[in-house]
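I open this notebook to record what I looked up in the structure. The entries follow the order in which I consulted it.

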Amino acid sequence: MKISLSNFSDAIVLKGHDFSRAVKRLIWTGALAPEGIQIVKENLPQGLKPGLFSRALAARLKSCPFKAPEFKGALSLLTSLIIVLILGGCHNIQQPKVYVAPQLAQQAKPWEQIPTPKLHDFNPHQPQRIELKNGIVLFLQEDHELPFVSGSVSIPGGARDEDPAKVGLVSLYGQTWRTSGTAKLSGDALDDMLEAKAAHIETGGDVDSTALSWDSLKGDSDQVFALALDLFLHPNFSAEKLQLAQQQVATGIVRRNDDEGEIAGRESAKLVYGPNSPYTRQPELATIGAVTLDDLKAWHDRTLHGKLIVSVSGDFDPAAMEAKLRGAFEGLPTVHADPARHDSFADPKPGVYFIDKEDVNQSNVEIVGLGTDRHNPDVPSLAVMNEILGGGFASRLFQKVRTELGLAYAVGGSYGYSWDHPGEFHAMVMTKSASTVDATKAALAEINGLTTKPFTEEELARAKDNILNSFLFRYDTREKVLAVRVRLEFYGYPPDYLETYKAALEKVTVADLDRVAKKYIHSDKLAILVVGNGPEIKPGLDELKLGPVQKVDITIPMPKQPAASEQKP
Amino acid sequence: MQRKHFYWIYKYVFLLVLAATTLAGARAQDLKSFEQRITTKVLPNGLTLVICERPEAPVFSYSTFIDAGDVNDPSGQSGLAHMFEHLAFKGTSQIGTTDYAAEKVALAKVEAANDAYEAEYLKAVGRDEKKLAELKQAFKEAEAEAHKFVVPNQFTDVAERNGAEGLNAETGLDETMYFWSMPENRLELWAWLESGRLSDVVPREFYKERDVVNEERRMRTDSNPIGRLVEQFLATAYVAHNYGRSSIGWPSEVQQINATEAMDFHKKYYVGANIVVVVVGDVKASEALPMLEKYFSKVPGGPKPEEMTTVEPKQFAEKTVAIREQTQPFYLEGYHRPDYRSPDAEVYDAISDIMSNGRVSRLYRSLVRDKQIAAEAQGFSPFPGDKYPGLFAFYAVPLPGHTPTEMRDAIHKEIDKLRATDVTDEELAMYKTRTRADLLRGLADNQGLANSLAEYQTRFGDWRELFLQLDKVDKVTKADIRRVANEVFVPSNRTSASIETDAAATPAQKTPAQDGGAQ
């Protein structure tokens, strides 16, 4: 039996960084190009649990780097990369592919003779929703297969709401909250108590929310919930633990230019949203150094009164659980909604941008632009278009750049849509230095092809099959059903959103695809970022003939050393 | 009897599913319940089928586990098992082609053209560059001719259009795994696809795919500091065993693997006796088994291939790798340990748990919390594989301003403590509790369960070992931990590797992978 890798997963739980960029990268280099809704987000009430499913877990980690973030809590980019690389040796074939080859006569298709029986009936088990008088929403999802109970509290407000002079505050808060413990029980004592029970309580911060989560064996669930509630109501932020968190974040900052994929993801997002946008600004040594204990306390006091969503799943009695949750949360003051954000978004400044990295032999090419949000009624059509562009082995990008040209292992692209703000259009390809220009041109040709190469009925049918026939994997476990409901509640979407979305997908036509492609795909509004080894890139990027190549400075700002005179007492 | 009831309810009285699930759930956690839900069958060709019924939702996951990986690559062909794995997505004589009879002829010409090119390219003396260029051109023409018969990616396309989720494969040093999930009504289609690619692979688009694999190597190994470090670390730790060889393959070797070699690998290792196929989900064994037998009987029989027999000689000198480059520092070390069949396997697990698992672990508390010199520190094992003797490894990520040497010293201090003093009762109990709980946690995931059952069935000849291992876990003692620590964690058994930050890296270090080889 191998337990080793579970240790990795538990180590992951320790970290509390914003990892969305890492996730994105891992998705690309891993195996699945998300069609949209599956984007791994913070604190899903338990995806894959941390823990050792010993050997199998090892295999999953090895083969599916993109899975790692599901190990919940928060995963530092650092940790994720270390896991992927140390366990490395694992190579998966991987996805996205293109368009249909010219209609060739084909020999018999034996697979078409295989019957597809009617699918067994399935009604995903919906959680019970209870809205308390104070506006807090509870979700109860019974699941008696295994003797565990888990839960979480989602709290609106995240990194995008923090003071620009203190970027990193939410990340520090997410770590320090848990490690500090409560007035009654220090974080260290809490660690001892929980680990002896194979239980977990974790806190974390993300771009638009923070969360507290817990899980344990059924027999320990009352006690673990009581501890979690105590941490929720009576945190005891400690200077020592804040310092520890600051060191951890600082480590991530000084290492952020070591991996080219990390650089590419981060810097391309800055091209889209702007370097100082609430969605892309990054913690610096100075901004995390500016965060004080009082800042953490103030953040906690402020966000505690937002619209909380409490969700619990597992092996419990619903009436008893409801009573317990009411007892815990009904007494809190009436929630007040955060004021709506008024961020402004604009297309990136088009052009070719370059970051030189001398210790690599492969270029990361990112082609980016502004996307949309899920309220946009064109999203179902865009989802189908994405599937055709970069959604699987049969997607145009995969088929052309990987299968036909052999220029990349990792390639993909999609027009992104986030829940409450515009996502990114984002295509990427990783190719050897010498083929950087060829691969970039090939990817651009497929992007342009969305508006010039008419979509076919065959492509439409394939894309719909791909999406719709695997649609039930969005809710094939009770945990997933719960996670979806919590997310919909959090962003204010109707509870039947998935059903209406699915129905809309089914109605998408070739005309819809042509229309949305023309409406949203404008190659003259895209920025191209290349991270790679300058001297090896031959022909050079000027061969793209898209204007002068602009160098991007990624130097990490170091706080000024105190002058000698200032050091004197 | 219980089981029969359960399925009757599921099938005919759907509204009662919830209740039924509840009943099953009460028993879903132990070996006995799994014995009731799992059916195992060894086919005449030696292939083992395992079906685990878990009808929580109308889906299933599968795992095909081949007991061969890159450790089996012949000398000079590192990366071959992985190269073959990519080929297994290219279709068969029945899917992915417009006319297999004609394609077969064309593919033979591609191979002949490649051989001719290679023969000229590899001439040590008197290589004729003009002839080489002509041979390359001839190869490209042969490739283009064969391509005319290809329906690109049709195998994966059919799978994806039928709802395949998480479609992927993984080649490790020890094994190769193929897996995905699907709606349950596609079980027969899956059986046709999977048995087809196990038994009837065609070396289609092989040389294009080889380019793709070279890109994969650049991504995972060459262009990442830790990827580079790990490759050098293993190459240094092992002098004889293939665990020391780059698992994705040395660049010059990957670039010269040919389709004939890949097909030979398939012929030797993809035989029934070397394959376990596990299906977990909404599948009824009594109905599915005859159908699965029909399809998977197509896989060739033949003897179980001989095992790789090289034994790594005992290490007698401490070894060190130091990479100096413009990245942040990192420290890694490893000690040789026995394979997974060792009676001490669980003792190693206990050590890694106690040293590394969570905020109570010794390395976290020492290096991260108290000394405040590392952002994280872990011990883990076995690495890079477990079928053969692997390593027990430790790593630490220094905080800004701290060095690999400090990581090393601090890790050694913790190791010395483990050798000198027994772990506490609390630590040992914690390891046992967490192991049990984490095993349970994994049971609710079809894919994870399929992978585990496949691996245990292969490695122990019986999936039950997944549960029976808990008895061995319970038997681990404090004395065992001290004994093993004293046997293994000694300097002469150690290999260490570190990245030291160098503001001005030498040009030789800038380009880790030299291009070489054919094509």
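**Entry: a helix of chain B.** I began with helix 9 of chain B, residues 206-222, and compared its length with expectation: its 17 residues should span 24 Å at 1.5 Å a residue, and the end C-alpha atoms lie 23 Å apart, so the two agree. The expected span is 1.5 Å times one less than the number of residues. Helices here are DSSP runs of H or I with at least four residues, strands are runs of E with at least two, and both are numbered from the N terminus. I then looked up burial and found 16 of the 17 residues of helix 9 of chain B buried, so this helix is largely enclosed by the rest of the structure. A residue is buried if 20 or more other C-beta atoms lie within 10 Å of its own, exposed if 12 or fewer, and partly exposed in between, with C-beta atoms placed from the backbone.

**Entry: basis of the model.** I note that this is a predicted model, in which local features need pLDDT of at least 70 and side-chain atom pairs count only at pLDDT 80 or more, while totals for chains, interfaces and linings use all residues. Residues are numbered from 1 along each chain as its sequence is written, and chains are lettered from A and ligands numbered from 1 in the order in which they are written.

**Entry: the loop between strands 12 and 13 of chain A.** I found a cis peptide bond between Lys538(A) and Pro539(A), with omega about 0°. Pro539(A) sits in the loop between strand 12 (527-532) and strand 13 (549-551) of chain A. Lys545(A) is also found in the loop between strand 12 and strand 13 of chain A. Its phi is near 55°, a positive value in a residue other than glycine. I counted Lys545(A) as exposed because it has 9 C-beta neighbours inside 10 Å.

Entry: Gln372(B) lies in the loop between helix 15 (362-370) and strand 9 of chain B, and its phi, near 50°, is positive although the residue is not glycine. With 14 C-beta neighbours inside 10 Å, Gln372(B) counts as partly exposed. I found a cis peptide bond between Phe383(B) and Pro384(B), with omega about 5°. Pro384(B) is placed in the loop between strand 9 (374-383) and strand 10 (391-398) of chain B.
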